[in-house]
Amino acid sequence: MRVELKNITKRFGPVIANKGVNLTIEPGEVLGLLGENGAGKSTLMNVLCGLYDPTEGEIFIDDKPVVFDGPGDAIRAGIGMVHQHFMLVPVFSVAENVVLGVEPTGALDHLDLATARAEVERLSEDYGLAVDPDAIIETLPVGVQQRVEIIKVLFRSADVLILDEPTAVLTPQEVDEFFQIVRSLCEAGKAIVFITHKLNEILEISDRISVIRRGEIVGSGDPKELTRPELAEMMVGHPVDFDVARAPYAPREVILDVADLTVLRDHGAVAIDNLSLKVRSGEIVGIAGVQGNGQSALIEALAGLRRVASGRVTFDGTDITHISPRARHRMGIAHVPEDRQRAGLIGNFTVAENMVLDTYYGPPFAKGASIDWGRVHADAARVAEEYDVRTPSVFAAAAHLSGGNQQKLVVARELSRDTRFVIAGQPTRGLDVGSIAFIHAQLMAARDEGDGLLIVSSELDEIMAVSDRILVMFKGRIVAEYAPHIAPLDKGEIGLVMAGAAA
Amino acid sequence: MNAMDKATQWRLLGRTQVEDLVIVPLFAFVAALFLGALVMAATGVDLAVIGQSYVALVKGSVGSLNAVSETLTAAAPLVLAGLGLALGFRAGLFNIGAEGQVVMGGLAAVVAGVALGDFPAIVALPGALLAGALTGAFYAGIAGWLRAVTGAHEVISTIMLNLISYRLLDYLLRTPLIQKEGRADPISKSVPDAAELPRLLTFIDANLRVHAGIFLTLAMVAVAYWLLFRSKLGFEFRAAGENAVAARFAGMNASLTIILAMAIAGALAGLAGANQTLGVLDRATPGFSAGIGFDAIAVALMGRSHPVGVLLAGLLFGALEAGGRQMQVDAGVSIDLIAIIQSLIIVFIAAPLLVKALFPWGFRREGSG
Ligand SMILES: Nc1ncnc2c1ncn2[C@@H]1O[C@H](COP(=O)(O)OP(=O)(O)OP(=O)(O)O)[C@@H](O)[C@H]1O
Ligand SMILES: [Mg+2]
């Protein structure tokens, strides 16, 4: 099945998200779609999967024009999408999620789960998508949840699969497995549209690459002939500098001292097991580790959002183990939450409101009991400009920003104020190469001003790029420490330790 | 999906708000009147009478000075209680308890008014109003506290508190401190003149009931607007209602927000009760709340939990109530029909997609922005 987008334009009010886009998707091929944050990739794919009506332009399937009235039409025509943010019911089983909306039913409208389960098993068999059909979604790692999303689309017999930033939340091993799946799908004649910000991934897996900038396709190419710098330049329109400038390592006194910390998960299992670490002013400590080894609990405990079962957290000589998030905030501790959608932003609030979500209560934004909105709007506009948060105005709803721009909004909010310590979870998730370099430079600037920083990231490359010291976390403990100023880093070795080799 | 997407698409121009606050309710109203006519026709009312009754509806709500006075009188408590509910909804609290808060606030205002009867009006009236507001706040605060501390859902607890308030009213009305001297039935002492909300237009006609409560109501619309959209507290309410997790991550105190939102909602409902006892009824009797707290839920929903919307919705409901009485007098249509029309309006408003499907030309087309 050959899909052609002809002259697609999509407007949201005054914003032009896509402008005269022409794109062809051939069966059995992986089309890589690359572009800056807010370039219009998700919007274009939402048009293709029937979620948005194009303002102008047409879609052709095998040279016949089609019009989709909703995603149901698109999936019946064989086009299915796995969205940037998953859409599974957490308390349902895999099989239940897969059949949701197209349930096979027996007599008297009885839900025929046996057939559903068999179908899920057949699909996982055919394409190498190992999942247990009876597992409950919320108990599964993200990588597996993603397979469920893919099975869901295959179950509806899609021939074209759109995958919007599928690898953003995957561990390196999961990415390898994911690529295997993509290859087997292609062999079966499916067409894949693959969106990512990771240039090495797109070079590895795509058969063809199209680059989109400010809503328009600005170039296409063969991954065998393109290099990372060339791609990056095509994306942003000028050469990109990947290296972060780094002042010499000059740590000062210990600012955060975590001693014998034990933290439990919601249901009582141990998340952090008697962990100790120190962060000094003027240094960046990176926490490396495979997701699910207690990193989230560590961040939440340090931000005051999760109760500490035992142990002590001292900040600048003061015991802060049990003080409120607001009190920590007042002390100059900033926190970039891992999950921007759920915890970092309020989608229906404006960009400006989100920009002051945790600073609205004090000067300069509050005047007595009221908020000085004039001041808020002016400041938000300045910070958005400085951090290149692409939004039509500070009055736009945050939910209407592109995924990467939502992330930039959260990071901008936390880094733009006066801080002494920064806790950041996945600070550059979903950002394009230029934005990553910019955020890394901001983190570095905070360090050079004397802040302590604790960065958690599942991207080992990111941790290695910014950290002065690297701590590897495994099963709730720190199992190894590396310092590039002492010995050069060995990525392979760190990877092994992350997988549990030192434990 | 497309329609939902449309609703959240673009806020910058405020077009969505206009649709929500004005166009949807307007069409809902028209559709409800039409269905109301069908219901009348189905019950054997002939066409002339149906026409006559709608004329009466207009006449009785805005057709004369007295009609306007009645509309405003009926609207004031609905707006006051509706504002409180709207604040709660914004904070993510589904408070069903305005009725009980109206009862407790209204009764407290009478008690305080009687106690302050010898003071000049400048002390007695504010004192009585304040007593109503504080009692409402306290009564709603119980539900807020239960929710914040024990997790008891406010829908259940406020329904129970409503039931308790009815019985408590009956009981208290028979206690010597409150019961009117020389009466055996449950009825309170009369509110002394100093604590009454003065009638405004008696110099034109002694029967015009509109009273100073409408100024209180307008002031509260402004206060609620300020609170919701200009104050720190309102920012916290809205954040908690939109995304409680993000609010917590931003360092807002969820328990405090819940308790304060409930208490302020209760204060406004208490004022609605005080408005009735001090401005209209002159005393408290069993059932004096007359379902205001329940109608106010509809007013808050119809007003889209926006103070200005609540004001408009309250005026509409007030007009329906005043006009309904006239319908009954002029055309002999049952007052129940008014209840049916009110209910139909609520159904239509609760289903904006239905309204948009019925009147597609009234709304923006998908994609054109
Ligand atoms: N529902 C919407 N309402 C208004 N504007 C929107 C909406 N959805 C997207 N936009 C705007 O359209 C533009 C393109 O957004 P899109 O989400 O397609 O970007 P993207 O290329 O997927 O970026 P990212 O890499 O950050 O995910 C952005 O400027 C965004 O603000
Ligand atoms: Mg996107």
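Is Cys186(A) buried or exposed? Cys186(A) is buried, with a relative accessible area of 12%. The model is predicted.

**Cysteines**

Cys49(A) is also buried, at 5% relative accessibility. The sulfur of Cys49(A) has its closest cysteine sulfur in Cys186(A), 19 Å away, which is too far for a bond. A disulfide needs the two sulfur atoms within 2.5 Å. Cys186(A) is therefore in no disulfide, since its nearest cysteine sulfur, that of Cys49(A), lies 19 Å off. Over all chains, a search of the whole structure finds zero disulfides.

**The site of ligand 1**

Residues from chains A and B surround ligand 1, so the site is shared between chains. There are 22 residues around the ligand. Those that come nearest are Lys41(A), Ser42(A), Thr43(A), Ser402(A) and Gly404(A). By class, the shell holds six nonpolar, 13 polar and three charged residues. Domain 1 (3-236) and domain 3 (342-417) of chain A each give at least three residues to the shell.

| Residue | Part in contact | Distance to a ligand 1 oxygen |
|---|---|---|
| Ser402(A) | N or O atom of the side chain | 2.7 Å |
| Glu165(A) | N or O atom of the side chain | 3.4 Å |
| Gly404(A) | polar backbone atom | 2.7 Å |

Taken alone, ligand 1 exposes 640 Å², and the protein buries 93% of that. Two elements of chain A give two or more residues to the shell: α1 (41-48) and α14 (403-415).

Methods: Residues are numbered from 1 along each chain as its sequence is written. Chains are lettered from A and ligands numbered from 1 in the order in which they are written. This is a predicted model: local features need pLDDT of at least 70, side-chain atom pairs count only at pLDDT 80 or more; totals for chains, interfaces and linings use all residues. Side-chain values use heavy atoms; hydrogens and water are left out. A residue is near a molecule or strand if one of its heavy atoms lies within 4 Å of it. A polar contact is a pair of N or O atoms within 3.5 Å; within protein, one must be able to donate a hydrogen and the other to accept it, and residues adjacent in sequence count only if both atoms are side-chain atoms. Accessible areas come from the Shrake-Rupley method with a 1.4 Å probe; for residues, only the protein chains shown count as cover. Helices (H or I, at least four residues) and strands (E, at least two) are DSSP runs, numbered from the N terminus. Ala, Val, Leu, Ile, Met, Phe, Trp, Tyr, Cys and Pro count as nonpolar, Asp, Glu, Lys and Arg as charged, and the others, Gly among them, as polar. Domain bounds come from an automatic or database domain assignment. Buried means under 20% relative accessible area, exposed over 50%, partly exposed in between (1.4 Å probe, protein chains only).
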